[in-house]
Amino acid sequence: MYAQMVKSEGMKSADEMSPEERAFQERIDRNEKIEPKEWMPEGYRKTLIRQIGQHAHSEIVGQLPEGNWITRAPTLERKAILLAKVQDEAGHGLYLYSAAETLGVSRDELFEKLHSGAMKYSSIFNYPTLTWADMGAVGWLVDGAAIMNQVPLQRTSYGPYSRAMIRICKEESFHQRQGYAIMMKMAEGTPEQKEMAQDALNRFWYPALMMFGPSDKDSVHSAQSMAWKIKMNTNDELRQKFVDETVPQAEYLGLTVPDETLRWNDERGHYDFAEPDWEEFFEVIKGNGPCNRERLEARRTAWDNGQWFRDGLSAYADKSAARRRAATVAAE
Amino acid sequence: MPSLPDMTTPDVVALAESAAAAQSHDPHVQDVDLKPAFFDWLCRMGDNTLILGHRISEWCGHGPALEEDIALANTALDLIGHTQMWLGLAAEVQSEGRTADDLAFLRDAMKFRNLQLAELPNGDMAVTLMREFLFDAWHFHMLTALTRSASPRVAEIAAKALKEVSYHLERSSDLVVRLGDGTQESHARMQEALDRLWPYSGEMFVADAVDDAVANAGIAPVLADLQPAWQQTVEEVLAEATLTRPEGRADVHRGGKQGRHTEHLGYILAQMQFLQRAYPGASW
């Protein structure tokens, strides 16, 4: 899940709603898609901007931990696959910023909020990628967790967001398979490779569980977002689904999930598992994770160093528009 | 118990076999007399794309605009794809049981055959783009000539790569023009990048015995024959970009093709080859 703790506007009962708001809610209840130029409550628009923006930021900051290994990828094929994958992430960022633009916020405004710290990106990208096995673990666990949330979001009520999700999900499920393929190679490789694979799972397991956000009982913004169908499942539902799907995959690899309490519960039909350290999660969200500072600095530096480049292109565009105008005038 | 999703289908081997079966028969690949020069020349082609691809990939996530991040990663990806083809054929010609990966990850700097231009540090986007442009213009004319190679295998690779490189040249030319004729600052940066890179650009056209041998075999064009077309492309773009072609010699810095490199290549290889060197024989 690339959107965590997105603040949603207060929930209204049917009696408190204006006729417009009630009609809007009824459209959503009928599973109609809301399109950009149609009327929508201000809270719906704002919440969507926060959520889509956070998701978009996560995609572009997410380039960094994986980009970290492109120049060190162990084979030409792995290098090509990783490059393609990171390029996909940037592409997802582009679709999502475009979806956000349909709600009346520009990409530059969203960037500014990212750079100033006013908007967040997923906590997961504040963890370092330390060995090649992390490229496997990120694909398998991080993209795997993202898919859990994004597959239902293909049915979300806002048309442009839903359509972006449909494209993104196709690529994400491919990424997850790529990550798993790396893990398989490592797990069946030399003792050192197997050690790297286990270490990657040890480090990424709990941060991956945190991606779904705090437990439902502590999640204050869910109800309204779920009524608007911009959040389709609760955090705990998705986390459980992720654990249920991932544990057998870890077993297949011959790796051990770093949770001594992990047990299959026949009665519930689910795994019982340990909660991540939520204090750590809140620290990471606050900016105190292992790589928060580097990640944000890298993005700010890229933006600042690119100022002359963007200015140059704008100046050229203005000049050529002026030249075209002059040519038209001369021709008349 | 939830079922394990299907994440283990091994279709890679079948794909590789069908691709190999589709390849043309090429007598040059087994020509013993030609082997040393042909191998060396293929390494030049593959090392150029590998090292330039490596440099461009360093931008990943650090570009000046999201569209540039995507374009830079895409360009690097194309170049790594070309590397797989050129070094794959080089390994076949060498016939010592090595693979493209062995050539990429287990040769030291002395054995690398890329132009010095390709290994120069990225600098700012002006240097990166100008380096791409000067290389793309050569790459485009080279590949165009190679599509008529007497070696069917070389012609096939060239035809495939040319589709992508045509786009690389279009993109880098366009950006050189826009930034050259943009603001005062972007103009100054582009001119500075050109002045700095120009003395490395001539190496592309300085032929040695290897180039002569592959040219005589009809595999590759005579390098000097490519220069007028390159010159024309470069001059047209620079003129439109309001940039001035430097006065000095273009072939001051050379030797990369023979394995004499700048100090920078060693660091590229230290990074690129780390895993293969640290864990010899491991499969990834």
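Which residue forms a salt bridge with B:D69? It's A:R299, and the closest N and O atoms of the pair sit 3.7 Å apart. Keep in mind that this is a predicted model.

On the side of chain B that touches chain A, the elements giving two or more residues are α2 (35-57), α3 (66-94), α4 (100-106), α6 (125-146), α7 (152-180), α8 (184-201), α11 and α12 (274-278) of chain B. The top contributor on that side is α3(B), with 12 residues. Sort the residues on this side of chain B by type and you get 29 nonpolar, 16 polar and 12 charged.

Taken as a whole, the contact draws 57 residues from chain B and 58 residues from chain A. Putting the two chains together buries about 5100 Å², with carbon and sulfur atoms giving 70% of that area.

Now for the nonpolar core. The largest one has 186 residues, and A:W132 is among the members that touch the most others, along with A:Y44, B:W41, B:M130, B:L134, B:W138 and B:L146. Setting aside close sequence neighbours (within four places), A:W132 has contacts in its own chain, including A:W69, A:P74 and A:M186, and also reaches B:L275 and B:W284.

Last stop: B:H261, in the loop between α10 (223-240) and α11 (264-272) of chain B. B:H261 counts as buried because its relative accessibility is 19%, under the 20% cut-off. Its side chain makes a 2.8 Å polar contact with the side chain of B:E119, and a polar atom of that histidine side chain lies 3.5 Å from the backbone oxygen of B:G256.

Definitions and conventions
Residues are numbered from 1 along each chain as its sequence is written. Chains are lettered from A and ligands numbered from 1 in the order in which they are written. This is a predicted model: local features need pLDDT of at least 70, side-chain atom pairs count only at pLDDT 80 or more; totals for chains, interfaces and linings use all residues. Side-chain values use heavy atoms; hydrogens and water are left out. Helices (H or I, at least four residues) and strands (E, at least two) are DSSP runs, numbered from the N terminus. Buried means under 20% relative accessible area, exposed over 50%, partly exposed in between (1.4 Å probe, protein chains only). A polar contact is a pair of N or O atoms within 3.5 Å; within protein, one must be able to donate a hydrogen and the other to accept it, and residues adjacent in sequence count only if both atoms are side-chain atoms. A nonpolar core is a set of buried Ala, Val, Leu, Ile, Met, Phe, Trp, Tyr and Cys residues joined through side-chain atoms within 4.5 Å. Contact means heavy atoms within 4.5 Å. Buried area is the accessible area (1.4 Å probe) that two parts lose on being put together, summed over both. A salt bridge is a side-chain nitrogen of Lys or Arg within 4 Å of a carboxyl oxygen of Asp or Glu. Ala, Val, Leu, Ile, Met, Phe, Trp, Tyr, Cys and Pro count as nonpolar, Asp, Glu, Lys and Arg as charged, and the others, Gly among them, as polar.
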